[in-house]
Amino acid sequence: MEGTFNFNDNSTSAFSDCNSDRSGEFITTSTQNRRLLISCVSDNNSDELIRRLVLDLQSCSIDQQKQATMEIRLLAKNKSDNRLRIAKAGAIKPLVSLLSSPVVDLQLQEYVVTAILNLSLCDENKDIIASSGVIKPMVRALKIGTPTAKENAACALLRLSQTEENKAAIGRYGGIPPLVNLLENGGIRGKKDASTALYTLCSVKENKIRAVKAGIMKPLVELMADLDSNMVDKSAYVMSMLVTVMEARTALVEEGGIPVLVEIVEIGTQRQKEIAVVILLQICEENVSYRIMVCREGAIPPLVCLSQSGTDRAKRKVETLIELLRQPRSSNPTARAS
């Protein structure tokens with residue numbers, strides 16, 4: 001992560017992992033249900049079944065494609081061995097081909113996104129999936145898919161964003177704005193998935209700028225202002241990632257972020273207070289006008305209280321911020337608005 005401070009030891013606990021899909025089981029006929037049950041509990045016929053399913057993915061029948069994709073998704077949902085078997089049987093290329101189809105069937109798209117997510121849970125599959133051209137159509141699913149497809153696409157992109165190259169590619173293909181939209185308008189699961197993905201992707205500077213341009217500060221400030229939302233920590237960590245760039249600091253202030261941050265310092269949890277301090281320190285370091293705004297919100301008394309609790313590192317950050325806020329306003333003539 002860029003910037004003066006390293007949050008890695010704390011921030012990871014703020015985010016839930018994007019695991020296999022959480023969507024409900026699909027309705028099938030009794031014969032199909034028996035086939036699914038056998039395929040999921042027995043390894044005796046799994047290789048043969050997988051080969052047949054891969055062929056079915058390439059069928060001209062959309063119903064057959066849906067059935068095959070659904071079964072692959074189920075086979076890969078909970079069994080790690082099956083994820084590797086399915087990939088080795090050549091399923092990834094036809095799945096990506098289906099996802100890339102110019103004619104979008106939203107149900108099939110959801111099935112494919114979810115199947116790819118489940119396959120990506122095997123670390124050995126991630127490079128194969130990423131190099132298959134999946135990022136662009138996955139971003140499209142994130143934009144136009146069903147609510148479930150959007151959530152699972154966010155998780156799949158997170159799984160693929162373990163390299164700087166993939167993070168940059170997701171940004172280039174337009175993945176940041178729909179993640180911001182999911183953060184603002186999704187359900188609680190979607191908000192959590194979006195915040196996790198954005199936190200990872202915004203370690204790349206270009207993605208920070210894209211996120212700010214997409215309007216990320218508005219939902220971040222709103223989520224942080226709702227202390228009962230269970231999104232305060234996640235939103236604050238994403239914000240702490242972003243404010244290393246000037247554009248994010250400006251947007252934070254314009255969206256009314258300073259009063260929210262000061263309120264968190266006053267009544268948030270210990271961890272929330274410490275994150276808020278780091279963000280405030282970042283925006284105040286080179287901007288006298290922002291320091292004045294923070295002081296006017298009454299930040300110094302709760303900061304003094306906070307300086308007497310927490311870890312040694314947290315106390316040092318608080319003391320640095322207090323010292324900065326107490327400096328004479330004319331003592332830093334070179335400071336300028338960011």
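This is a predicted model: local features need pLDDT of at least 70, side-chain atom pairs count only at pLDDT 80 or more; totals for chains, interfaces and linings use all residues.

Q: Which residues make the contact?
A: From α4, it's Ile72, Leu75, Ala76, Lys77 and Asn78. From α5, it's Ser80, Asn82, Arg83 and Ile86.

Q: And how do they split by class?
A: The contact of α4 with α5 has four nonpolar, three polar and two charged residues.

Q: OK, next pair. At what angle do α6 and α7 pack?
A: About 145°, with the axes of α6 and α7 9 Å apart. α6 passes α7 in a left-handed crossing.

Q: Who touches whom there?
A: α6 brings Ile92, Leu95, Val96, Leu98 and Leu99. α7 brings Leu108, Gln109, Val112, Val113, Ala115, Ile116 and Leu119.

Q: How many of those are nonpolar?
A: In the contact of α6 with α7, 11 are nonpolar, one is polar and none is charged.

Q: Switching topic: pockets. What is the volume of the second largest pocket?
A: About 150 Å³.

Q: Which helices supply its lining?
A: α4 (62-78), α6 (92-99) and α7 (106-120) each give at least two residues to the lining of the second largest pocket.

Q: Can you list the residues that line the second largest pocket?
A: Ile62, Gln65, Leu98, Leu99, Ser101, Val103, Val104, Asp105, Leu108, Gln109 and Arg140. Among them, Leu98, Leu99, Leu108 and Gln109 also take part in the contact of α6 with α7.

Q: Last one. How do α15 and α18 pack?
A: Helix α15 (residues 217-225) and helix α18 (residues 257-267) pack at an angle of about 30°. Their axes are 10 Å apart. The pair is therefore roughly parallel. α15 passes α18 in a left-handed crossing.

Q: Which residues meet?
A: Val221, Met224 and Ala225 in α15 meet Gly257, Val260, Leu261 and Ile264 in α18. By class, that contact has six nonpolar residues, one polar and no charged.

Notes
Residues are numbered from 1 along each chain as its sequence is written. Side-chain values use heavy atoms; hydrogens and water are left out. On a 1 Å grid over the protein atoms alone, a cavity is a set of points where a 1.4 Å probe fits but cannot get out, and a pocket is an open set with protein on both sides within 12 Å along at least five of seven lines; lining residues have an atom within 4 Å of a point. Grid points are joined across faces, edges and corners, and a volume is the space filled by probe spheres set on the points. Helices (H or I, at least four residues) and strands (E, at least two) are DSSP runs, numbered from the N terminus. Axes are lines fitted to C-alpha atoms, for helices over the stretch in contact, and angles run from 0 to 180 degrees between N-to-C directions. Angles under 35 degrees count as roughly parallel, over 145 as roughly antiparallel, 65 to 115 as roughly perpendicular and the rest as oblique. A crossing is left-handed if the near helix is turned anticlockwise from the far one by less than a right angle, and right-handed if clockwise. Contact means heavy atoms within 4.5 Å. Ala, Val, Leu, Ile, Met, Phe, Trp, Tyr, Cys and Pro count as nonpolar, Asp, Glu, Lys and Arg as charged, and the others, Gly among them, as polar.
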